[in-house]
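We will walk through it together, one region at a time.

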Amino acid sequence: MSTLIVYASKYGCTEKCVKLMSKELNDKVDLINLKNIRDIDLSKYDKVIIGGSIYIGRIQKEVTEFCSKNLDKLKEKRIGLFICGMQEGDMINTELNQNFPSELLEIAEAKGHFGGEFILDKMNFMEKLIVKKVSKVTSNKSNILEDNIHKFTQEINSI
């Protein structure tokens, strides 16, 4: 079997999570950052894992566009969905459900939340201002949930 992980990463957190995940997957794995490549041949993959970071409640537009453009082909695959972000509690499921098409959520065999990071050094002035005001963060903060990544990966390996 072969697995494709498609993702969008703005500051690198999602990419870190994807690389951790790819090391644990049993299949041959290809990684594609949708910020760099948009036309993808899905025919050679059995499993497709899709994810990205959430900013102000929304996943990156590249992920949304990929899902919409390839929805019929994706419905024929084994699917895993994940989000990255600093959300907690019920907000995680709300944001997961709001950012992927219902057709994919229904067939997804693994869904995950991998935590997130605030890397203020990589943000522009407005982004820093919003993060500091909304999240009360004043310095770089990392909360990547490696246990969640491991659990998600085990679910994908079992299908």
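This is a predicted model: local features need pLDDT of at least 70, side-chain atom pairs count only at pLDDT 80 or more; totals for chains, interfaces and linings use all residues.

Two or more lining residues come from each of S3, helix H4 (90-99), strand S7 (115-118) and helix H6 (125-135). What kinds of residues line the largest pocket? They divide into 14 nonpolar, 7 polar and 5 charged.

Now find the second largest pocket, whose volume is about 160 Å³. Here helix H7 gives the most to the lining, with 4 residues. At least two lining residues each are supplied by H4, strand S6 (110-113) and helix H7 (146-157). Among the residues around this pocket you can pick out Ile-92, Lys-111, His-113, Phe-152 and Glu-155. By class, the lining has 4 nonpolar, 4 polar and 3 charged residues.

In soluble globular proteins, nonpolar side chains tend to be buried together. The largest nonpolar core in this model has 25 residues, and Val-6, Ile-50 and Phe-100 touch the most other members. Strand S1 (2-8), strand S3 (47-55), helix H2 (61-69), helix H3 (71-74), strand S5 (78-84) and helix H5 (102-107) each give two or more residues to this core. Another core lies apart from it, with 15 residues that include Ile-5, Tyr-7, Cys-13 and Ala-110. Which residues does Val-6 contact, leaving aside its neighbours within four places in sequence? Val-6 is in contact with Ile-32, Leu-34, Ile-40, Val-48, Ile-49, Ile-50, Gly-51 and Phe-66.

Finally, look at Glu-117, which lies in strand S7. Is this residue buried or exposed? Glu-117 has a relative accessible area of 16%, and because the cut-off for buried is under 20%, Glu-117 counts as buried. Its side chain makes a polar contact with the side chain of Lys-16 at 2.9 Å. The side chain of Ser-142 also makes a polar contact with the side chain of Glu-117, at 2.9 Å. Not counting residues up to four places away in sequence, Glu-117 touches Cys-13, Lys-16, Met-86, Lys-141, Ser-142, Asn-143 and Ile-144.

Note on methods
Residues are numbered from 1 along each chain as its sequence is written. Side-chain values use heavy atoms; hydrogens and water are left out. A nonpolar core is a set of buried Ala, Val, Leu, Ile, Met, Phe, Trp, Tyr and Cys residues joined through side-chain atoms within 4.5 Å. Buried means under 20% relative accessible area, exposed over 50%, partly exposed in between (1.4 Å probe, protein chains only). Contact means heavy atoms within 4.5 Å. Ala, Val, Leu, Ile, Met, Phe, Trp, Tyr, Cys and Pro count as nonpolar, Asp, Glu, Lys and Arg as charged, and the others, Gly among them, as polar. On a 1 Å grid over the protein atoms alone, a cavity is a set of points where a 1.4 Å probe fits but cannot get out, and a pocket is an open set with protein on both sides within 12 Å along at least five of seven lines; lining residues have an atom within 4 Å of a point. Grid points are joined across faces, edges and corners, and a volume is the space filled by probe spheres set on the points. A polar contact is a pair of N or O atoms within 3.5 Å; within protein, one must be able to donate a hydrogen and the other to accept it, and residues adjacent in sequence count only if both atoms are side-chain atoms.
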